[in-house]
Amino acid sequence: MIMENGDYEDWRGRKADTSKHGGVIAAAFTCVVEVLENVVFLSNAINFVAYFMKSMHYPAAEAANMVTNFMGTSFLLTILGGFISDSFLTRFKTFVFFCILELLGLILLAVQAQYSKLQPNLNERPSKSQAVFLYFGLYAMATGVGGIKAALPAHGADQLDHGYQRHISAFFNWYFFSLCTGGLISSTVMVWIQDNEGWKLNFNISIGTLSLALCIFTAGFPIYRLKRPGGSPITRIYKVFASAIRNRKFSPPPPKTDSLGESSSARTTRGKLRFLNKALMDEKITATEVEETRTFLWLLPIFASTILMNCCLAQLQTFTVEQGNMMNRKVKNFMIPTQSLTVFPLIIMLASIPLYEHFARIIGAKQRTSGISNWLRPLKRIGIGLALASASMAAAAIVEVKRRKEAVNNGAEISVFWLAWQYLLLGVADMLTLGGMLEFFYSEAPDSMRSMSTALSWCSTAMGYFISSVLVTIANSISGALGREWLAGHDLNHGRLDLFYALLCVLNFLNLLNYIFWAKRY
């Protein structure tokens, strides 16, 4: 989707000069900042359960739910951040505002960890005032995370030439690389600090790291080009729908374009959702507004088709960790920490991105074109990722059968490295799917909805985690009614985790067929 240079401005509000503003260096600021921001977010999120249990004295189940709600809220609030970024503020200002909000949340959490009066007494739950203080800091942080993750990738992609899609594709791949780098540091260095030095130091390091990210981001303001906000996209969508419903009994006027022309995504979806053309009976509704609405709505089936894949990713932080606890984690005299098992998929993803970029450059060189290979287009990459997610659950089921058989029949533990198969497949699947989603939703979205559309990638992650919990409950209810719950108790040897993985494999395969149906019609 190509933007005219007139849509951009510099920090003074003047028209951006392509020779001075934007470019690879400006986009690189975004990737560096994302490493630091993700270190702060993930280092706290993956170990908040321990903090809530040991310092705030919440029961294990309640602490786990608090973390799940925090993660889900953070990702769902990307829609709010995207809406503000598209409607009222530039993406630069949106990032600065929400980064300060996340800093405020971290400062409140640090203050509570520092002073015993703000913490509950031994073996007592927090008082109402202590709980309010905790939740205020926690959800100020979650809101900040949501705004940052909506604005930052769209701001970075804005710096590049939209006429050369390969640059946009490469940016989102390296942005995903930055996400994984932050995750790797969180799962190693920050986990060690939390376990050995305590949460006071952890929160102080988090505040310093996020402050550094804010300083680096704002230091690039002279070379950024900024997209002017275009007003509320939700209001425009509502106006188009309301007008189409009012005029549903009339024949729509012939298609037309206004002075702004139309985007490639508008041409892609022009023949779809034709009932929206009835909105053009209202002289206050423009053809551009109708095409914006049509394009955004046509992104939603692709978005919905990616949610189930994130249910598979949720297993890496739950049942896969439990599997690892019951396997042989010794490497000579070293015992691999359970929390560091997430390092495996991160290393795989970090290795796969440079390999993918190398492969993409070879294909591009052979084609001698400014476009990208058909096999490297976002929809194809997402589809391959969904297929690999289904395959990963099949591999997970096979490994669990082997682990359980050895444990029950022989009292033996198989090596934790048997989990490498599902880590490998899911790691590559996540790289292809999330990277493809970020690029697809940004490139195909209407100009005025890019932040909000990019946020759909993060909302898919949140909904995948929530639906995973629902699937566990449903699977236990049905299997319990038939005789024995698959996932009951704390001992996987007495359950049937392999059947749950098999269920996810089948559901993801059916979801892949659903995705292919919608992708072919896009």
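**Ground rules**

I am reading a predicted model, in which local features need pLDDT of at least 70 and side-chain atom pairs count only at pLDDT 80 or more, while totals for chains, interfaces and linings use all residues. Residues are numbered from 1 along each chain as its sequence is written, and side-chain values use heavy atoms, with hydrogens and water left out.

**Whole chain**

I started with the secondary structure and found 18 helices and four strands. Helices (H or I, at least four residues) and strands (E, at least two) are DSSP runs, numbered from the N terminus.

Next I looked up burial: 55% of the 522 residues are buried. Buried means under 20% relative accessible area, exposed means over 50%, and partly exposed lies in between (1.4 Å probe, protein chains only).

Then I turned to contacts (heavy atoms within 4.5 Å). Taking contacts with a separation of 6 or more, 83% join residues 24 or more positions apart.

**Nonpolar cores**

A nonpolar core is a set of buried Ala, Val, Leu, Ile, Met, Phe, Trp, Tyr and Cys residues joined through side-chain atoms within 4.5 Å. The largest one here has 122 residues, and Phe 48, Tyr 51, Phe 52, Phe 70, Phe 95, Phe 203 and Phe 500 have the most contacts inside it. Helix H16 (residues 420-444) gives the largest share of this core, 11 residues. I also noted a second, separate core of nine residues, with Val 240, Ala 244, Leu 276 and Ala 279 among them.

Not counting residues up to four places away in sequence, Phe 500 touches Gln 315, Phe 319, Leu 471, Val 472, Ala 475, Trp 486 and Leu 487.

**Helix H6**

Is H6 enclosed or open? I counted 24 of its 31 residues as buried, so H6 is largely enclosed by the rest of the structure. I checked its length too: 31 residues at 1.5 Å a residue should span 45 Å, and the end C-alpha atoms are 45 Å apart. The expected span is 1.5 Å times one less than the number of residues.

H6 (residues 128-158) meets helix H17 (residues 450-481), their axes coming within 9 Å and crossing at roughly 120 degrees. Lys 149, Ala 150, Pro 153 and Ala 154 of H6 make the contact with Ser 451, Thr 454, Ala 455 and Trp 458 of H17. Axes are lines fitted to C-alpha atoms, for helices over the stretch in contact, and angles run from 0 to 180 degrees between N-to-C directions.

**Helix H8**

H8 (residues 199-219) has 21 residues, and its end C-alpha atoms are 30 Å apart, in agreement with the 30 Å it should span. Its buried residues include Trp 199, Phe 203, Leu 210 and Phe 217. What do the buried residues of H8 pack against? I found helix H1 (24-45), helix H2 (48-54), helix H5 (91-114), H6 and helix H7 (165-196).

I then looked at H7 with H8, which pack at an angle of about 145 degrees with their axes 7 Å apart. Met 190, Ile 193 and Gln 194 of H7 make the contact with Trp 199, Leu 201, Asn 202, Ile 205 and Ser 206 of H8.

**Helix H9**

H9 (residues 233-246) reaches 20 Å from its first C-alpha to its last, close to the 20 Å expected for its 14 residues. The buried residues of H9 include Arg 236 and Val 240, and its buried residues pack against helix H4 (78-87), helix H11 (287-305) and H17.

Glu 34 is in H1 and is buried, with a relative accessible area of 0%. Leaving aside neighbours within four places in sequence, Glu 34 is in contact with Lys 149, Leu 152, Tyr 175, Ser 178 and Leu 179. The C-alpha atoms of Glu 34 and Leu 152 are 7.8 Å apart, though 118 residues separate the two in sequence.

His 21 sits in the loop between strand S1 (8-9) and H1, and counts as buried at 10% relative accessibility. Its contacts beyond four places in sequence include Asp 10, Pro 222 and Arg 225.

Leu 76 lies in helix H3 (residues 60-76) and counts as partly exposed at 36% relative accessibility. With neighbours within four places in sequence set aside, Leu 76 is in contact with Cys 459, Ala 462, Met 463 and Phe 466.
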